[in-house]
Amino acid sequence: MHFDVVIVGGGLVGASLAASLQHTSLRVALIDAKMPTNNDPRLFALNNSSCRFLENLKIWPSLASLSAPIKQVHVSQCKQFGAVRLRATDVDLLSLGHVIPAFHIETALNAALQEMPHVTCFRPATLTDLKQVTTENELLHHLTINLPNDILTITAPLIIGADGADSTVRRLLQIEAETIDYEQIAIVTRTRMQRSHEHIAYERFKDNGAIAMLPLINNECATIWTVDNAEGEVLFAMSNEEFLKNLQANFGYRLGRMLSIDKRHRFPLKMVRAKESVKPGALLLGNAAHALHPIAAQGFNLALYEVAMLAESLQNGLPIDLQKVNANIQKQIRTSVSVSHRLSSLFADSSPLIKHLLPLGMVGMDKLPVIRRSFINKMLGKSGHIPPLLLSAS
């Protein structure tokens with residue numbers, strides 16, 4: 001079986017890419033090791049550009065009522081003066097983005113893919129072998145995939161690895177990756193609030209992590225508490241009542257009283273970065289290329305920026321210059337990786353100079369609209385070329 005593009009990994013990134021190619025003539029194969037689910041516990045802060053991406057895929061109407069807008073981001077440090085307030089009005093937007101449970105996005109994407117004849121889904125299917133063969137000056141990938149009752153070989157000139165931090169594509173292409181273990185976990189839950197969050201997203205930094213409280217619908221907040229492994233195990237073992245009491249004590253009362261929490265989930269935090277993202281006829285996207293610390297909410301937003309850039313290059317079909325595509329997305333990758341990595345350790349730095357300068361820097365940034373605007377635009381993927389899928393459809 002021959003295709004133009006094979007996407008390995010049918011999660012949010014792979015499915016988004018497949019859907020973004022719906023107006024091309026490309027034949028797309030999507031290989032996923034598992035069937036679609038609706039139990040992903042992650043809670044995503046989509047930036048405004050990512051919302052425009054989903055709008056251009058025609059799936060935002062089904063998601064809008066399930067998401068809560070972010071009109072302001074409030075960043076502060078425990079036991080220190082000063083705060084930074086990033087407002088949608090700083091960049092002339094109605095919202096900086098929206099917060100939505102991940103499984104809603106997955107459900108909408110998979111429903112859309114079922115209506116797209118250009119996509120053939122192989123699920124559940126496992127990639128077991130990948131060979132690159134050049135014949136008559138054409139490079140083809142020969143992929144062996146295991147299905148529940150069959151073994152199949154498919155070919156394509158372009159293969160995209162969107163199969164996560166433990167990428168099989170990356171391994172089969174013999175691309176090395178560096179790993180930084182932050183020795184932290186993220187505890188994720190939903191917290192019911194007594195009063196309205198007023199569509200403000202809070203990030204409260206502590207010496208050993210941070211607490212993010214992000215607006216959800218129905219007077220709830222997405223709670224992401226990053227903490228070192230030892231304390232994380234203690235927190236995770238607590239009863240809901242004990243955990244809520246500790247959350248309230250550590251976050252404070254900026255949002256008023258917290259009433260209850262939902263089921264808790266934990267995720268170990270590591271940065272995994274491929275030493276190269278592109279090979280002849282192959283490109284890594286999303287966590288397969290760079291799994292980031294969640295502290296700046298850059299991971300999925302960065303992946304959709306990459307998808308939009310690649311989709312723009314593929315609008316007129318194959319061949320495309322993968323090296324050029326990769327070069328075009330590297331600026332945003334460097335920005336997102338740098339911010340995510342540095343923030344994970346900056347507020348934990350115990351040196352007297354950093355302790356003194358950080359509050360001053362936060363006050364300065366809060367008072368300077370030009371700096372705030374520049375920072376927000378970088379986080380929205382608007383510091384360089386903006387692919388059409390990230391622009392408003394209107």
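Four aromatic pairs were found in a search of the whole structure, a pair being two rings of Phe, Tyr or Trp (its six-membered ring) with centres within 6.5 Å. The structure is a predicted model, in which local features need pLDDT of at least 70 and side-chain atom pairs count only at pLDDT 80 or more, while totals for chains, interfaces and linings use all residues. Residues are numbered from 1 along each chain as its sequence is written, and side-chain values use heavy atoms, with hydrogens and water left out.

One of the pairs is formed by Phe3 and Phe122, with 6.1 Å from centre to centre and 90° between the planes; this pair is edge-to-face, the class for planes over 60 degrees apart, whereas those under 30 degrees count as stacked and the rest as tilted. Phe3 lies in the segment before strand 1 (5-8) and Phe122 in strand 8 (residues 119-122), so that distant parts of the chain, 119 residues apart, are linked. Strands (E, at least two residues) and helices (H or I, at least four) are DSSP runs numbered from the N terminus. Both Phe3 and Phe122 are buried, that is, under 20% relative accessible area (1.4 Å probe, protein chains only), with exposed set at over 50% and partly exposed in between.

A further pair, Phe44 and Phe300, is stacked because the ring centres are 4.8 Å apart and the planes stand at 20°. Phe44 belongs to strand 3 (residues 43-47) and Phe300 to helix 8 (residues 299-314), 256 residues apart. Phe44 is buried at a relative accessible area of 13%, and Phe300 is buried at 11%.

Strand 4 and strand 7 (residues 97-101) run antiparallel and are joined by three bridges. Pro69 has His98 of strand 7 as its bridge partner.

The lining of the second largest pocket includes Leu139, Pro157, Pro280 and Ile320. By class, eight lining residues are nonpolar, one is polar and none is charged; nonpolar covers Ala, Val, Leu, Ile, Met, Phe, Trp, Tyr, Cys and Pro, charged covers Asp, Glu, Lys and Arg, and the others, Gly among them, are polar. A pocket is an open set of points on a 1 Å grid over the protein atoms alone, where a 1.4 Å probe fits, with protein on both sides within 12 Å along at least five of seven lines, and lining residues have an atom within 4 Å of a point.

Note on methods
Pairing = 2+ DSSP bridges.
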